[in-house]
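Open your viewer and get ready to select a few things with me.

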Amino acid sequence: MPTALATAAAGFGTGLSLIVAIGAQNAFVLRQGIRRDTVLAVVGICALSDAALIALGVGGVGAIVVAWPGALTAVGWIGGAFLIAYGVLAARRVFRPAGALQADGEATGSRRRAVLTCLAMTWLNPHVYLDTVFLLGSVAADRGDLRWTFGLGAVLASLCWFTALGYGARLLSPLLARPAAWRIVDGLVAAMMLVLGASLILGS
């Protein structure tokens, strides 16, 4: 019979395997971390949102999510449109002159804008409901009375990952001191957002 520690460790590993995958949310957290812009708020939103979604999954809400395909379709369209718009803005930064980087940083440095963007990238992604709520919830259900211990391990994985990503990203700052390096980052972010946005819309 599995122990509570082993169950929590299994939840940690399962949660980490779902969270670490490259996506819009991770790319945004990484960019905010490199810029040292509203990192605490962004990391907190991501971790708390995951905790809420994991709790819903462990509590058995996954079946409701699957039963409402129309809602997931709507979320996919809205989320896809948002990611495409964000990708276009990132692409614009690639072609702006170097002198515009600081002004752009001041604009995107708004705590409110960062918070709203983070919330949108977290909650307007239908995959988060299928993966975190349904899939992780289903795995947790197999743990019986230890399902909440499993969920706690997954929540801890989320907290560790986003903290490491947000605050560890500043180690890359010396490599991105030049505007040209930031154009490369924004180019990669733009490509990722546009592809992910299109995939959400086409898959809805």
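**Start at Val42**

Select Val42: apart from neighbours within four places in sequence, Val42 is in contact (heavy atoms within 4.5 Å) with Phe28, Val29, Gln32, Ala114 and Cys118. This is a predicted model, in which local features need pLDDT of at least 70 and side-chain atom pairs count only at pLDDT 80 or more, while totals for chains, interfaces and linings use all residues. Residues are numbered from 1 along each chain as its sequence is written, and side-chain values use heavy atoms, leaving out hydrogens and water.

**Next, the core**

Which residues have the most contacts inside the largest nonpolar core? Select Phe28, Val42, Met121 and Met193, and you have them; the core has 23 residues. A nonpolar core is a set of buried Ala, Val, Leu, Ile, Met, Phe, Trp, Tyr and Cys residues joined through side-chain atoms within 4.5 Å. Buried means under 20% relative accessible area (1.4 Å probe, protein chains only). Apart from this core lies another, of 6 residues, including Ile54 and Phe150.

To see where they touch, select Ala41, Val42 and Ile45 of H3, then Ala114, Val115 and Cys118 of H7, which are among the contact residues.

**Finally, zoom out**

Show the whole protein: there are 10 helices and 0 strands.

Note on methods
Buried means under 20% relative accessible area, exposed over 50%, partly exposed in between (1.4 Å probe, protein chains only). Helices (H or I, at least four residues) and strands (E, at least two) are DSSP runs, numbered from the N terminus.
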